[in-house]
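Please read this report alongside the structure.

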Amino acid sequence: MNSPPRLDALLRPRVPSPLREVHDERFARHGVRLLLKRDDLIHPDLPGNKWRKLALNLENAAGRTVLTFGGAYSNHLRATAAAGRLLGFPTVGVVRGDELAHRPLNPSLARCAADGMRLHFVDRTTYRAKASCEVLKGLLSLFGDVEVIPEGGSNALAAQGCTALGRELAGACDVAAVACGTGGTLAGLAAGLAPGQRALGVPVLRGGFLGPSVERLQREAFGGPSGNWSLDERFAFGGYARSTPELEAFAADFEDRHGLPVERVYVAKLLFALATLTGEGAFPPGTRVSAVITGTPDTRPLQESPASR
């Protein structure tokens, strides 16, 4: 059997992604240099960490149906569906919330369907148990021989794919920071950095589960801990896809200052965290901080967090 052609030859991603320094007085007055790692420019349909996390997984699937998981507005589902359209393989999206099956598709799920993804809605209890043998056995009985990729695309192959991000930043910064959902990007980023550099993860969800997840991913991908990384869990702003007037004002101001459209679910929280940490003196003068821009803005409004009401 012939080996599948490499995805980069077919999709021609823009890697390494650009690294651009921006002058921002909130950083400059503390002697900190802010650089933006523009992973959002890698590919129009698989931007940022979606390309890095999916590439090895899709090569491993070798054209078989890919089944994966996500919520109603999952960027990961959209990227997987787009990859299926571009590369000609079937995709199945297991979507959290069986009540959605009887409603018109939102723009995100409609895009998945338009790209050929078969949507399978499950109740929230089943979705929470999606990694269990029982649930996976049921899905395999429905969809046959499929390549299962976990929610957010984070597994050992994803972490291995994200080491390229660290290698691209080797020697270019002192701290490489990324917003985190499931931990795969941080696990690989830290592993790819050079000695003396460190990775900083900013979780966008509450719960304190991300540290163990990153540790597990590194064990599975690299056999044990790899690289210097840490988390700052203060910037979830009420939870996933939630916001506050303060965060929205910060993101809008950053857009005005630098002409960069700021994605709200991940990137806004990352940039806010870095500005706050800089103001707190967390980075010594002369530190080069690279913020990984992992995605492009969504058109849906974020929910206001209860704390801001």
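Angles from 65 to 115 degrees count as roughly perpendicular. The model discussed here is predicted.

**A helix pair**

Helix H8 (residues 156–169) packs against helix H10 (residues 210–222) at an angle of about 85°. The axes of H8 and H10 are 8 Å apart. H8 and H10 are therefore roughly perpendicular to each other. On the H8 side, Ala156, Ala159, Gln160 and Thr163 make the contact. H10 contributes Leu217, Glu220, Ala221 and Phe222. By class, the residues of this contact of H8 with H10 are five nonpolar, two polar and one charged.

**The four-stranded sheet**

Four strands form an open sheet in the order S5-S4-S3-S6. The pairing is parallel. Strand S5 (118–122) and S6 are the edge strands, and each pairs on one side only. From one strand to the next, the twist averages 25°.

How many residues of strand S3 (residues 65–70) are buried? Six of the six are, so S3 is largely enclosed by the rest of the structure. In a regular strand, side chains alternate between the two faces of the sheet. Both faces of S3 are covered. Thr65, Leu67 and Phe69 are buried on one side. Val66, Thr68 and Gly70 are buried on the other.

S3 has a parallel partner in strand S6 (residues 146–148), joined by three bridges. There, valine 66 has glutamate 147 of S6 as its bridge partner. S3 also runs parallel to strand S4 (residues 91–96), joined by five bridges. In this pairing, threonine 68 stands opposite glycine 93 of S4. The chain passes from S3 through helix H4 (residues 75–87) to S4. This β-α-β crossover is right-handed.

**The six-stranded sheet**

Another open sheet has six strands, in the order S1-S2-S11-S7-S8-S9. Its pairing is mixed. The edges are strand S1 (19–22) and strand S9 (229–231), each pairing on one side only. The twist in this sheet averages 25° from one strand to the next. S1 pairs with strand S2 (residues 33–37) in the antiparallel sense. Four bridges join S1 and S2. Glutamate 21 stands opposite leucine 35 of S2.

| Strand pair | Sense | Bridges |
|---|---|---|
| S3 and S6 | parallel | three bridges |
| S3 and S4 | parallel | five bridges |
| S1 and S2 | antiparallel | four bridges |

**Cysteine 133**

Is cysteine 133 buried or exposed? Cysteine 133 has a relative accessible area of 70%. Exposed means over 50%, so cysteine 133 is exposed. This residue lies in helix H7 (residues 133–143). Cysteine 133 and histidine 258 are 125 residues apart along the chain. Their C-alpha atoms are separated by 48 Å.

Terms used: Residues numbered from 1 in each chain as written. Predicted model: local features only at pLDDT ≥ 70, side-chain atom pairs only at ≥ 80, totals over all residues. Heavy atoms only, no water. Buried < 20%, exposed > 50% of the residue type's maximum accessible area, 1.4 Å probe, protein only. Helix = DSSP H or I, 4+ residues; strand = E, 2+ residues; numbered from the N terminus. Pairing = 2+ DSSP bridges. Right-handed = clockwise from strand over helix to strand, strands pointing away. Axes fitted to C-alpha atoms, helices over the stretch in contact; angles between N-to-C directions. Parallel < 35°, antiparallel > 145°, perpendicular 65-115°, else oblique. Contact = heavy atoms within 4.5 Å. Nonpolar A, V, L, I, M, F, W, Y, C, P; charged D, E, K, R; others polar.
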